[in-house]
Amino acid sequence: MASQSSAALMKWAQVASRGFAAAAASGPGRKVAVLGAAGGIGQPLSMLMKMNAQVSQLSLYDIAGTPGVAADVSHINTKAQAKGFDKDGLAEALRGCDLVIIPAGVPRKPGMTRDDLFKINAGIVRDLVEAVGKHCPGAVLNIISNPVNSTVPIAAEQLKKMGVYDKRKIMGVTTLDVVRAKTFYAEKNGLDVASVDVPVVGGHAGVTILPLFSQATPKVSMAADVLDALTKRTQDGGTEVVQAKAGKGSATLSMAYAAALFADSCLRGLNGTPTVECTYVESTITDAPYFASKVKLSTEGVDKVFDLGTMSDYEKDGLKAMMPELLASIEKGVQFIKSG
């Protein structure tokens, strides 16, 4: 029974959800760093990245507790070599990295405003990205730390300041919005969730999250009130989890899962198998200088940013309504670096 369970887990490591790294043999092993690896997202994300067959070296960094996390995941019988680094080991953790994933920072807690969150996480992201710019400037960056609408511009401005910015390499991870939209749409319409696709565009907070259910596949016609409820549930998914955890936690497990899916796609792209994902990047498809939409991921990161396609009137209204908040969040991030 134990050997069967082990075989099942190993098979999951290769084919879970969309086939984690099933094509890994066709590309080189990659060095991946998780910055914030001892946190609520970082620990399960570190485990999932250890299980990804495209990863040969896994650097786990946090200000405390990381050697223990690394020791724990290092016992998993997959090829990636895991090593933990504390606050003095950031440079070593980053050298030679192909992909850096940043879940570091604090989650939003009950009673905490986005401004409160910004004040804490903005500096954390700036300092970590500065280290990336020094020690692995060519790495692809996956930014999870909230508020993503501001932290991605912070990362971009910091790298511009250092003269090492490449817009193809900086991505805000919005995959959890897509995962939620797929799940809620499938549940409501009695569909096999594995067959469902729903693009989610905009940003990664509240009304800036815009699921395009009119473009969902398989196509299902929904009443206006059902559509509105699904949209709002997708936008408020994080709050739903915080409330369910009675204020004692946030969306850590589903976020780690979503981040691992997106990282897998980035690695596939780097290894020569282009993939299409929604992500928050520098963009010219709307008035916002950063925007989440479908992109093509390839050997240099973001190879192409796709336009929004045909949208319903409801979605057009949602796009218009999000813009003031999204633009303000972006500008706040830009000014954090420029005025610093």
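Q: Quick one to start: is C266 buried or exposed?
A: In this predicted model, C266 has a relative accessibility of 4% and therefore counts as buried.

Q: And how many disulfides does the structure hold?
A: The structure holds zero disulfides.

Q: What about C97, which cysteine sulfur is closest to its own?
A: That one is in C136, but the distance from the sulfur of C97 is 5.1 Å, which is too far for a bond, given that a disulfide calls for sulfur atoms within 2.5 Å. C97 also counts as buried, with a relative accessibility of 6%.

Q: Switching to helices: how many residues are in helix 11, and how far does it reach?
A: Helix 11 takes in residues 313–338, which is 26 residues, and from its first C-alpha to its last it reaches 38 Å, close to the 38 Å expected at 1.5 Å a residue.

Q: Where does the kink in helix 11 lie?
A: The kink, of about 40°, lies at M323, shortly before the proline P324.

Q: Okay, strands now. How many residues of strand 1 are buried?
A: Strand 1, residues 30–35, is mostly covered, with six of its six residues buried.

Q: Which way do they point?
A: R30, V32 and V34 point one way from the strand, while K31, A33 and L35 point the other way, and all are buried. In a regular strand, the side chains alternate between the two faces of the sheet.

Q: Which strands is strand 1 joined to?
A: Six bridges join strand 1 to strand 2 (residues 55–61), and the two run parallel; the bridge partner of R30 in strand 2 is V55. Strand 1 also runs parallel to strand 4 (residues 99–102), to which three bridges join it, and there A33 stands opposite V100.

Q: And what do strand 1, helix 2 and strand 2 make?
A: With helix 2 (residues 42–50), strands 1 and 2 make a right-handed β-α-β unit.

Conventions. Residues are numbered from 1 along each chain as its sequence is written. This is a predicted model: local features need pLDDT of at least 70, side-chain atom pairs count only at pLDDT 80 or more; totals for chains, interfaces and linings use all residues. Side-chain values use heavy atoms; hydrogens and water are left out. Buried means under 20% relative accessible area, exposed over 50%, partly exposed in between (1.4 Å probe, protein chains only). Helices (H or I, at least four residues) and strands (E, at least two) are DSSP runs, numbered from the N terminus. The expected span of a helix is 1.5 Å times one less than its number of residues. The bend at a residue is the angle between axes fitted to the seven residues ending there and the seven starting there. Two strands pair if DSSP finds at least two bridges between them. A crossover is right-handed if, with the strands pointing away from the viewer, the path from the first strand over the helix to the second runs clockwise.
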